[in-house]
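This briefing goes through one protein chain by topic. Please keep the sequence and the 3D view open while reading.

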Amino acid sequence: MNTLQQHKIDERETVKIPVGELRVGMFVSELDRPWLETPFLLQGFELKTEQDVLAVQGVCEYVYIDTVRSRAVSYGPPGTKAGQSAPGHRAKPEGGFERELGKASAARRETSGLIKRFIDDIRFGRSLDIQVARAAVSECVSSILRNPEAMMFLTQIKTRDEYTSQHSFNVCVYAVALGRQAGLQPRELEDIGLCGLLHDMGKVRIPLEVLNKEGKLTPDEFAVMKTHTRHGRDILMSGRNIYSGTVDVAFGHHENLDGTGYPRSLEGSQLNLYTKIVSIVDKYDAITSNRSYQRGRSHIEAIKILNDLAKDKIDPQLAMGFICCLGVYPAGSVVELTTGEVGVVIEQNPRSRLRPRIVICRDADKNRVPIRFVDLSEREHDNQGRLFAIRTLHPPDAFGIDLRQFQNLMEKRVW
């Protein structure tokens, strides 16, 4: 057992450990941050599965373990074979963020353009060629496997006028990322990505006055909106080179585990894995996107909503896995530092996810400054000895920041 800090909390013996040393069976009694700033339902809980371990690793750097309430486990780093990372830590990405961003951007342009062509095909009565979509998704999967942060960054670049294609792309990327977290193989990742890309095709047949209405839909209008799942099923069933999984997901992605969803009021046991995954990531992207009837919520608000839905609407383990995928500060997040400076998150640090790699672009007075890289995992204090860390998250367009400018700069490697 490592030499670790110990102290008494409520007369129980506790031990402080870094999250890289967490193991199934441990009882987490205290976090390194307030409970309300995390997605966890309970203040104190046992780590029952590897997903629980990953969830804590996604939001904390260290925690306190109640040694009395924990099951029989050791408190040193779990044994790993030579060449393996400690459980819960991802392997180092194959490609650097800047190097991968250009490839990810090309894949994004291809998939977004494809969705626009599919929309025209549907409107003109032409059938969709699903195999063409699979080829585009395959490029997205390859990019995510090389370096997921590049694709995650691109999901934060949103334009209201292109919501449909952007939403389809984002759900594809998020579904692949969650599928990867769940242990799916590359071919399966292509399948789930394809399901995510095509899940909302039925909305093409919803009248624009309903689809783009500002304000709450009337009961009659909502009934029309709900028909997009049946339209999606019919459109994909009539396509060429059909993949049945896309049909299931298009038809079922608004079902809930408790049977309160639509169109068939199915329950959790009747929903397959791909449908459950797309249901979660579809909700997250919708919550965080600007729509005609609402402004997008922050990442923190969105994961709190997912956490609440995980009580009975969405799969709790998959929801926790997705929250872990995203982390506290996803790539593309606009963050304000304790110094008052503002930056954009470029990459998370797998072993210190509260201290990501960022690009600073605003000074303490929020004025533009020449951009510079900072790896927060390598610096705990600024040049004046002040704590150097993230203070808060801001919307992606805060302080006049345009993520597309960062995308262009990084693709051109102008640093």
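**Overall picture**

The chain has an accessible surface of about 19,000 Å², and carbon and sulfur atoms hold 48% of that area. Areas of this kind come from the Shrake-Rupley method with a 1.4 Å probe, and for residues only the protein chains shown count as cover. The model is predicted: local features need pLDDT of at least 70, side-chain atom pairs count only at pLDDT 80 or more, and totals for chains, interfaces and linings use all residues. Residues are numbered from 1 along each chain as its sequence is written, and side-chain values use heavy atoms, with hydrogens and water left out.

**Chain and fold**

- The chain contains 14 helices and ten strands; helices (H or I, at least four residues) and strands (E, at least two) are DSSP runs, numbered from the N terminus.
- Of the 415 residues, 53% count as buried. Buried means under 20% relative accessible area, exposed means over 50%, and partly exposed lies in between (1.4 Å probe, protein chains only).
- Among contacts in the chain with a separation of 6 or more, 66% are between residues 24 or more positions apart. A contact means heavy atoms within 4.5 Å.

**Nonpolar cores**

- The largest nonpolar core has 75 residues, and those with the most contacts inside it are Met151, Phe153, Leu198 and Phe322.
- Apart from that core lies another, of 31 residues, including Val19, Val28, Phe40 and Ala55.
- A nonpolar core is a set of buried Ala, Val, Leu, Ile, Met, Phe, Trp, Tyr and Cys residues joined through side-chain atoms within 4.5 Å.

- Helix α1 (residues 50-59) is mostly covered, with eight of its ten residues buried. These are Gln51, Val53, Leu54, Ala55, Val56, Gln57, Gly58 and Val59.
- The cover over the buried residues of α1 includes β4 (45-46), β5 (62-66), α5 (163-181) and α13 (316-326).
- Helix α4 (residues 148-155) packs against α5 at an angle of about 145°, and their axes are 10 Å apart. On the α4 side the contact is made by Pro148, Met151, Met152, Leu154 and Thr155, and on the α5 side by Phe169, Asn170, Val173, Tyr174, Ala177 and Arg180.
- Axes are lines fitted to C-alpha atoms, for helices over the stretch in contact, and angles run from 0 to 180 degrees between N-to-C directions.
- The crossing of α4 and α5 is left-handed. The term left-handed applies if the near helix is turned anticlockwise from the far one by less than a right angle, and right-handed if clockwise.

**Cysteines**

- The structure holds zero disulfides, a disulfide being a pair of cysteine sulfur atoms within 2.5 Å.
- For cysteine 324, the closest cysteine sulfur is that of cysteine 325, at 6.3 Å, which is too far for a bond.
- Cysteine 324 is buried at 4% relative accessibility, and cysteine 60 is buried at 2%.

**Isoleucine 287**

- Isoleucine 287 lies in helix α11 (residues 273-288) and counts as buried because its relative accessibility is 14%.
- Leaving aside neighbours within four places in sequence, isoleucine 287 is in contact with Gln294, Gly296, Arg297, Ala302 and Ile305.
- Isoleucine 303 is 16 residues from isoleucine 287 along the chain, and their C-alpha atoms are separated by 9.5 Å.

**Arginine 230 and proline 263**

- Arginine 230, in helix α9 (residues 228-237), is partly exposed, with a relative accessible area of 37%.
- Not counting residues up to four places away in sequence, arginine 230 touches Phe251 and Pro263. The C-alpha atoms of arginine 230 and proline 263 are separated by 7.7 Å, although these residues are 33 apart along the chain.
- Proline 263 sits in the loop between α10 (244-252) and α11.

**Positive phi values**

- Most residues other than glycine have a negative phi, and most peptide bonds are trans.
- Lysine 366 has a positive phi, near 70°, and lies in the loop between β8 (357-362) and β9 (368-375). Its relative accessibility is 25%, so lysine 366 counts as partly exposed.
- Phenylalanine 399 also has a positive phi, about 60°, and is found in the loop between β10 (390-394) and α14 (403-412). At 30% relative accessibility, phenylalanine 399 is partly exposed.
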